[in-house]
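Q: I have a structure open here and would like to go through its local geometry. Can you take it piece by piece?

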Amino acid sequence: MQITDDLNKLLAILPDEIRQPLEKHEARDRLIEVVLDLGRLPEARFPEKAEYLSQTPVTRENLNYCVQRVGHFSGDNRAGIEQTLHRISAIRNRQGEIIGLTLRVGRAIFGTIGMIRDLVQSGQSILMLGRPGVGKTTVLREIARVLADELQKRVVIIDTSNEIAGDGDIPHSAIGRARRMQVARPELQHQVMIEAVENHMPEVIVIDEIGTELEAQAARTIAERGVQLVGTAHGNRIDNLIKNPTLSDLVGGIQAVTLGDEEARRRGSQKTVLERKAPPTFEIAVEMLERHRWVVHESVSDTVDTLLRGRLPNPEVRTVSEAGEIQISREVPNAPIAPRSRDGDSLSSRTTYGGRSSYETPARPTGWRASGQMMPLAGKRSTDQGRLGVAESRSRGDFSRSDERRPTTDQSSITSPSFDQLLDESWHQQDGFGNEVRSAGPNGEDLPLQVYPYGVSRQQLDQVIGVLNLPVEVTKDMDSADAVLALRAHVKTHSKLRHVAKSRHVPIHTIKASTIPQITRALKRLLNMDDPSLPEEAELTLFTRNGDEDEIEALEEARLAVEQIVIPKGQPVELLPRSAQVRKMQHELVEHYRLKSSSFGDEPNRRLRIYPA
């Protein structure tokens, strides 16, 4: 990268006692800004630290010395030095007098957009997001130069604070052949944006800091006229724009929509949902998390729709290695969460996006789960005594987690393949030459199997597919579906679904309720993997809501009770008191084993009792 900073011109406006320490400073090439506040020590800020430049406080004479050597301060209290990229910002008191200055170093860094050069050349509008100081304006300046000089496009820069092309009437050479329009007052930026389109026939418009509703509307007007937009906005990530009513129009705007009964059942959602109002102004969004780590949303509309439906987007992460190579990965891996192995060795992990998390199953139990045997309830023992027996055995440390998933089953006698083997064989097969091919589904369909849900929770369906790594995709198009998965009650009362499925020769598979166990068994049946001779395996992440330690511990307690007592000994077990939400997860886990359970007792001591088959 080539860097141009004209640092000497900035240092020249400083008083001698402040300038001289900076001229001799070993890290002057990495200087970010100089802060001068009346009555305080002058301060120089670098990426890793801040240092005082003098032991003498700043005086009014020092401030006036600097102000006299810079340009005019505009309405946003910013000034510059002619034909440089430096920015001088003022702090004023109530009387309008300047009592503080921030002298920010402006640098033209050529070659900073290598990570997104393909996006710039695509002709689509690009929105840059990031915290202050991460380098948005520097990138914007380089994008303008590349578009104008290398791609030979007509580029107009709306330079409200003269920060992109520098102060003065002659723009800085860092913007190349791009033209610059200055803005008299910051509140007029939206008018200058429209004026640029109407008067100067640009192919690309570059805007820094879209911050008001009028500017967002002007940006949409420009985009609808077929002009490529490149701009920046306040906000670290795309989530911030969705929640910002002023700027949400940049990503399409948000509105509440009331669905009809039929559509709500098809989606498996509430009747009132949030949806995107219009196509986004910017097709591509780039989140500049760090200077050399950017998250790229190549389709803003898809990302916004995914977030509004409560799911996790899967954007690209582009980084630059120490050797200067561009590396592209995914923020959320495409590979679904790996199921726990039969010996329970899969470790847990948690990935976070914008405050949301997804979880994998913990590998090794912690706390009381790491030891001891659970105590069964005696046939005639009272409820309180039975529950006390479980609690006492825990306090004595008598629990132990068996290494076997089903202690009563002799693993050496099982000759049929495991579920993982069946899945692997159906998903990865080889042709006669040793090349891996995708095999056909149970009825000759191409994998992955396309499933059309009707009245089934889309979130639960995606969770089962992801956790078990099933070769299944959910589709909204009946024409492309290989099968319909519907609630039994809905199929009985809606003849239209039966008629449409019959006319398209699409089989309908029904489940009684939209629960994790029933969805899991239905998908296994669709893939011919529901072998009753195989031992049941409970993948605990299927039943969690938040995936925290308390939920996993409660589910592990229920699993141990079922596998060590209820099934092998045929005796009921009572679990420890839990909240209503956690008890619901335990009920679903018990249903997975095809057993019955019930809740009894009063809050906060309400708990689960599991019965043998």
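**Backbone, sheets and contacts**

A: Glutamate 209 is partly exposed, with a relative accessible area of 30%. Keep in mind that this is a predicted model.

Q: Fine. Where is glutamate 209 placed?
A: Glutamate 209 is in strand E12. Its phi is positive, about 60°, although the residue is not a glycine.

Q: And asparagine 162, what is its phi?
A: Phi of asparagine 162 is near 55°, again a positive value in a residue other than glycine. Asparagine 162 is found in the loop between E10 and E11.

Q: Is asparagine 162 buried or exposed?
A: Asparagine 162 is buried, because its relative accessible area of 13% falls under the 20% cut-off.

Q: In which sense do E10 and E11 pair?
A: Strand E10 (residues 155–159) and E11 pair in the parallel sense, over four bridges. Isoleucine 158 has methionine 181 in E11 as its bridge partner.

Q: Next sheet. What is the order in the open sheet of four strands?
A: That order is E25-E24-E26-E27, and the pairing is parallel. Strand E25 (472–474) and strand E27 (508–511) are the edge strands, each pairing on one side only. Neighbouring strands in this sheet are turned by 30° against each other on average, direction ignored.

Q: How many bridges join E24 to E25?
A: Three bridges join strand E24 (residues 449–454) to E25, and the two run parallel. Leucine 449 has valine 472 in E25 as its bridge partner.

Q: Which strands does helix H13 lie across?
A: Helix H13 (residues 458–468) lies across E24, E25 and strand E26 (483–487), running at about 160° to E25. Helix H16 (residues 516–526) also packs on the sheet, touching E24, E25, E26 and E27. The direction of H16 makes about 155° with that of E27.

Q: Now hairpins. How many residues are between the strands in the hairpin of E5 and E6?
A: There are six residues between them, and glutamine 83 in that hairpin takes a positive phi near 60°. Strand E5 (residues 78–80) and strand E6 (residues 87–92) run antiparallel and are joined by three bridges. Alanine 79 stands opposite isoleucine 88 in E6.

Q: What about E6 and E7, how many bridges there?
A: Six bridges join E6 to strand E7 (residues 98–104), which run antiparallel. Alanine 90 has leucine 101 in E7 as its bridge partner. This hairpin has five residues between the strands, and glycine 96 in the turn has a positive phi of about 90°.

Q: Then which residue lies over the face of phenylalanine 73?
A: Arginine 92, at 5.9 Å from the ring centre. Likewise, arginine 609 lies over the face of phenylalanine 600, at 4.5 Å from the ring centre.

Q: Which peptide bond is cis, and what is its omega?
A: The bond from glutamate 603 to proline 604 is cis, with omega near 5°. Proline 604 is placed in the loop between strand E29 (596–600) and strand E30 (607–611).

Q: Back to helices. Which residues of H2 are buried?
A: In helix H2 (residues 16–23) the buried residues are Ile18, Arg19 and Leu22. Seen down the axis of H2, they fall within an arc of 95°, so they line one face of the helix.

Q: And what covers the buried residues of H2?
A: The cover includes helix H1 (7–11), strand E2 (33–37) and strand E3 (43–45).

Q: Last one: why does threonine 306 count as buried?
A: Because its relative accessibility is 18%, and the cut-off for buried is under 20%. Threonine 306 is in helix H10 (residues 300–308). Leaving aside neighbours within four places in sequence, threonine 306 is in contact with Arg311, Leu312 and Pro313.

Notes: Residues are numbered from 1 along each chain as its sequence is written. This is a predicted model: local features need pLDDT of at least 70, side-chain atom pairs count only at pLDDT 80 or more; totals for chains, interfaces and linings use all residues. Side-chain values use heavy atoms; hydrogens and water are left out. Buried means under 20% relative accessible area, exposed over 50%, partly exposed in between (1.4 Å probe, protein chains only). The arc is that of the directions from the helix axis to the C-beta atoms. Contact means heavy atoms within 4.5 Å. Two strands pair if DSSP finds at least two bridges between them. A charge sits over a ring if NZ of Lys or CZ of Arg is within 6 Å of the ring centre and within 35 degrees of the ring normal. Axes are lines fitted to C-alpha atoms, for helices over the stretch in contact, and angles run from 0 to 180 degrees between N-to-C directions.
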